[in-house]
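Please examine the sequence and the model displayed below.

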Amino acid sequence: ARILVLHGPNLNLLGSREPDIYGKTTLSDIHAAMESRARADSVLLESFQSNHEGQLIDRVQAAASEGVAFIIINPAAYTHTSVALRDALAAVQIPYVEVHLSNVHAREPFRQHSYFSDRAVGVVCGLGAYGYLAALEFALTRLREHNN
Ligand code: DQA
């Protein structure tokens, strides 16, 4: 099985970007932790970060032909703006969990609407980097159940 992890704009700066809000863990730390957890279940996990909306859309479209079974996505600021990325996920019909490091509901009002949540299997927010591992644990359990 394959799981794709997508990270939107500015998440390449994790670790140094507003650490009071987003924590000190870097994206490569997050990837390493997820990768080793997935490997223990013989699941192939791939991560992709982009600051460009179209590249994220291209990656989602490619996932369909690659047989990706589940997506874990933090659309970052595109959460609140991107109908196009939402539409790409709807087009490929790959189930996804939406992750946010911060508790978006405790922040500015414009962060409280997501173009992704109503189609997500679930949403994790406010748990910092741990949220990605929680989402992964869920995805692994779900893949196991669906393969049996
Ligand atoms: C974020 C929350 C978004 O509102 C913000 O634009 C981000 C990161 C989070 O992980 O908390 O870039 O998705």
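L101 lies in the loop between β4 and β5; helices (H or I, at least four residues) and strands (E, at least two) are DSSP runs, numbered from the N terminus. The structure is a predicted model, in which local features need pLDDT of at least 70, side-chain atom pairs count only at pLDDT 80 or more, and totals for chains, interfaces and linings use all residues. Residues are numbered from 1 along each chain as its sequence is written.

**L101 and its surroundings**

- L101 counts as buried because it has 24 C-beta neighbours inside 10 Å. A residue is buried if 20 or more other C-beta atoms lie within 10 Å of its own, exposed if 12 or fewer, and partly exposed in between, with C-beta atoms placed from the backbone.
- Leaving aside residues up to four places away in sequence, L101 touches Y22, G23, G128, A129 and G131. Two residues are in contact if their C-beta atoms, placed from the backbone, lie within 7 Å.
- From C-alpha to C-alpha, L101 and A139 are 18 Å apart in space, and 38 residues separate them in sequence.

**The ligand shell**

- L101 is one of the residues around the ligand, together with N10, N74, A76, A77, T79, H100, S102, V104 and R111. A residue is near a molecule or strand if its C-beta atom, placed from the backbone, lies within 6 Å of it.
- This shell has four nonpolar, five polar and one charged residues. Ala, Val, Leu, Ile, Met, Phe, Trp, Tyr, Cys and Pro count as nonpolar, Asp, Glu, Lys and Arg as charged, and the others, Gly among them, as polar.

**Two residues with positive phi**

- A76, in the loop between β3 and α4, has a positive phi of about 55 degrees although it is not a glycine. A76 is buried, because 22 other C-beta atoms lie within 10 Å.
- S42, in the loop between α2 and β2, has a positive phi of about 60 degrees and is likewise not a glycine. S42 is exposed, because there are 7 other C-beta atoms within 10 Å.

**The sheet**

- Five strands form an open sheet with parallel pairing, in the order β2-β1-β3-β4-β5. Its edge strands, β2 (44-49) and β5 (122-125), each pair on one side only. Two strands pair if DSSP finds at least two bridges between them.
- On average, neighbouring strands of this sheet are turned by 15 degrees against each other, direction ignored. Helix α2 (residues 27-40) packs on the sheet and touches β1 and β2, and its direction makes about 165 degrees with that of β2. Axes are lines fitted to C-alpha atoms, for helices over the stretch in contact, and angles run from 0 to 180 degrees between N-to-C directions.
- β1 (residues 2-7) and β3 (residues 70-74) pair in the parallel sense over five bridges. I3 stands opposite F70, V5 has I72 as its bridge partner in β3, and H7 has N74.
- β1 and β2 run parallel and are joined by six bridges, with V5 opposite S47 in β2.
- β3 and β4 run parallel and are joined by three bridges, with I72 opposite V97 in β4.

**Burial and the core**

- Five of the five residues of β3 are buried, so this strand is largely enclosed by the rest of the structure. Both faces of β3 are covered, with F70, I72 and N74 buried on one side and I71 and I73 on the other.
- Five of the six residues of β1 are buried, so β1 is also largely enclosed by the rest of the structure.
- The largest nonpolar core has 37 residues, and those with the most contacts inside it are I3, I71, I72, Y132 and A135. Such a core is a set of buried Ala, Val, Leu, Ile, Met, Phe, Trp, Tyr and Cys residues joined through C-beta atoms within 7 Å.
- The elements giving two or more residues to this core are β1, α2, α3 (53-66), β3, α4 (83-92), β4 (96-100), β5 and α5 (130-147).
- I3 touches A38, V43, L45, V68, A69, F70, I72 and A139, not counting residues up to four places away in sequence.
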